[in-house]
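Here are a few notes to go with your first look at this one.

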Amino acid sequence: MLIPRVLLEEQGCRPEALHSRPLDHDGDPFGRLVHNFVADVVACGDLLDRCEALSASPAIIQRCATWLCGQDDGSASPNPDVRIRVRRFIEADLGNPKLTPALIAGRLGLSRSTLYRQFAPNGIVSYIRDRRLMYAMRLLIKEGAGPARISRIADTVGIADERTFRCAFKRRFGFIPSDAPRRIVTAWMPDSVSVRRRWIESL
């Protein structure tokens, strides 16, 4: 089950404060309640039609966010709001080939040192590249992977050179862009749960 970060934030939760923190639901009565609730949702998820799933979503989000809010002890990374603002700016401007740390710092009024510190240790350039490739993956699955389509998708995600796009995509996912639809369909087969899980966790 995936809950977009922004939906948790709307409930007053601060996901930034919970990164890399193990959450012990067994030692917390409310945590056990939420754990059992989520387990039931996952078990029954395939039985819900679209309308039922949409109706259930607000309750699921609220219950999870309420528990996660109680796990926040205030030890968030420095300036979590800065990181959120930067990430939202990047998502909105992925198609801009001139999207650079200097551009982001200038638009958001940040020093470059502050910007780089928010994305340590891998760096903001690596983060932008990864988000572009993940966006490209979603487009390839949705729209298909013909040669002309791949070229257009590369341009859409802000990578002007198609050869650079193909090489970066293969390094990131282990296969070329034209194979994406077939590979993802295979990943959703019953005997490929671990492949599917790794791909979802990387989103």
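**Charged pairs and rings**

1. Let's start with Arg166, which is partly exposed at 28% relative accessibility. Keep in mind that this is a predicted model. Arg166 makes a salt bridge with Glu162, and their closest N and O atoms are 2.6 Å apart. The two residues sit 4 apart in helix H9, which puts about one helical turn between them. Glu162 is partly exposed too, at 25% relative accessibility.

2. Stay with the charged pairs for a moment. How many salt bridges does the count come to? The count comes to 4. One of them joins the side chains of Glu9 and Arg88, with 2.4 Å from N to O. Glu9 belongs to helix H1 (residues 5-10) and Arg88 to helix H4 (residues 80-92), so this pair ties together parts that are 79 residues apart in sequence. Are the two partners buried or exposed? Glu9 is buried, with a relative accessible area of 18%, while Arg88 is partly exposed, with 46%.

3. Next, have a look at Arg172 and Asp130. They form a salt bridge as well, and their closest N and O atoms are 2.4 Å apart. Arg172 is in helix H9 (residues 162-173) and Asp130 is in helix H7 (residues 124-143), so the pair ties together parts that lie 42 residues apart in sequence. Arg172 counts as partly exposed at 27% relative accessibility, and Asp130 counts as partly exposed at 23%.

4. Now for the rings. The count of aromatic pairs comes to 5. In one of them, the ring centres of Phe169 and Phe173 are 4.7 Å apart and the planes meet at 50°; that angle falls between the 30 and 60 degree cut-offs, so the pair is tilted. Both residues lie in helix H9, 4 residues apart, or about one turn of the helix. Phe169 and Phe173 are both buried.

5. Which residues do the ring pairs link into a cluster? The cluster is made up of Phe165, Phe169, Phe173 and Phe175. If you colour these side chains, you can follow the links from ring to ring.

6. Last, two places where a charge meets a ring. Arg63 lies over the face of Phe37, at 4.2 Å from the ring centre. Over at Phe119, the ring has the charged end of Arg83 sitting over it, 4.6 Å from the centre.

How values were computed:
Residues are numbered from 1 along each chain as its sequence is written. This is a predicted model: local features need pLDDT of at least 70, side-chain atom pairs count only at pLDDT 80 or more; totals for chains, interfaces and linings use all residues. Side-chain values use heavy atoms; hydrogens and water are left out. Buried means under 20% relative accessible area, exposed over 50%, partly exposed in between (1.4 Å probe, protein chains only). Rings of Phe, Tyr and Trp (its six-membered ring) pair if their centres lie within 6.5 Å; planes under 30 degrees apart count as stacked, over 60 as edge-to-face and the rest as tilted. A charge sits over a ring if NZ of Lys or CZ of Arg is within 6 Å of the ring centre and within 35 degrees of the ring normal.
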